[in-house]
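These are my notebook entries on one protein model. I record what I looked up, entry by entry.

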Amino acid sequence: MATIMIVDDSQTMRKLLRRMLEELGHEVVGEAENGFLATVKYKKLLPDVVTMDYAMPVMNGLEATKKIKQNHLRSKIVVISSTQDEDYVDEMKKCGADFYLLKPIHKGKLKAVLDFMLGNDQEDGSESSI
């Protein structure tokens, strides 16, 4: 089981992700509706994993990922977005995102990504799989 923070401006998406994550046996320790709140809450909660949307008000997922990774090098961030643009994916990788999942999200794919990320603690720190 992992502790997870959900970051998405859509309340519907946050509820869907919460349900999926809890069904997978994880604990959702917090939610944020924008990137700024995510950076503030991350410091307090220190979750094992963050699910991060891209397009959000106040601070987007790219900036939030960059800020979290600058202050917490070992943080694990899964981007969950409807944006398929290759430039965007490249930018997220440069900012330190570990994985990218396309909306609509499927529980099986989410499980596989989380299992890999959480099992990666014993690995040698090889390149992320975004």
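Which residues does Ser 81 touch, not counting residues up to four places away in sequence? I found Asp 53, Tyr 54, Tyr 88, Tyr 100, Leu 101, Leu 102 and Lys 103, where contact means heavy atoms within 4.5 Å. Ser 81 belongs to strand 4 and is buried, with a relative accessible area of 1%. Buried means under 20% relative accessible area (1.4 Å probe, protein chains only).

I noted the basis of these entries. The model is predicted: local features need pLDDT of at least 70, side-chain atom pairs count only at pLDDT 80 or more, and totals for chains, interfaces and linings use all residues. Residues are numbered from 1 along each chain as its sequence is written, and side-chain values use heavy atoms, leaving out hydrogens and water.

Next I looked up helix 2, residues 35-45. Helices (H or I, at least four residues) and strands (E, at least two) are DSSP runs, numbered from the N terminus. Gly 35, Ala 38, Thr 39 and Tyr 42 are buried in helix 2. They lie on the same side of helix 2, because they cover an arc of only 100 degrees around the axis, taken from the directions from the helix axis to the C-beta atoms. The buried residues of helix 2 pack against strand 1 (3-7), strand 2 (27-32), strand 3 (49-52) and helix 3 (61-71).

Just after helix 2, I found Leu 46 with a positive phi of about 45 degrees.

Finally, I listed the contacts of Ile 105. Leaving aside neighbours within four places in sequence, they are Met 13, Leu 16, Leu 17, Met 20, Ile 80 and Leu 110.

Technical notes:
Buried < 20%, exposed > 50% of the residue type's maximum accessible area, 1.4 Å probe, protein only.
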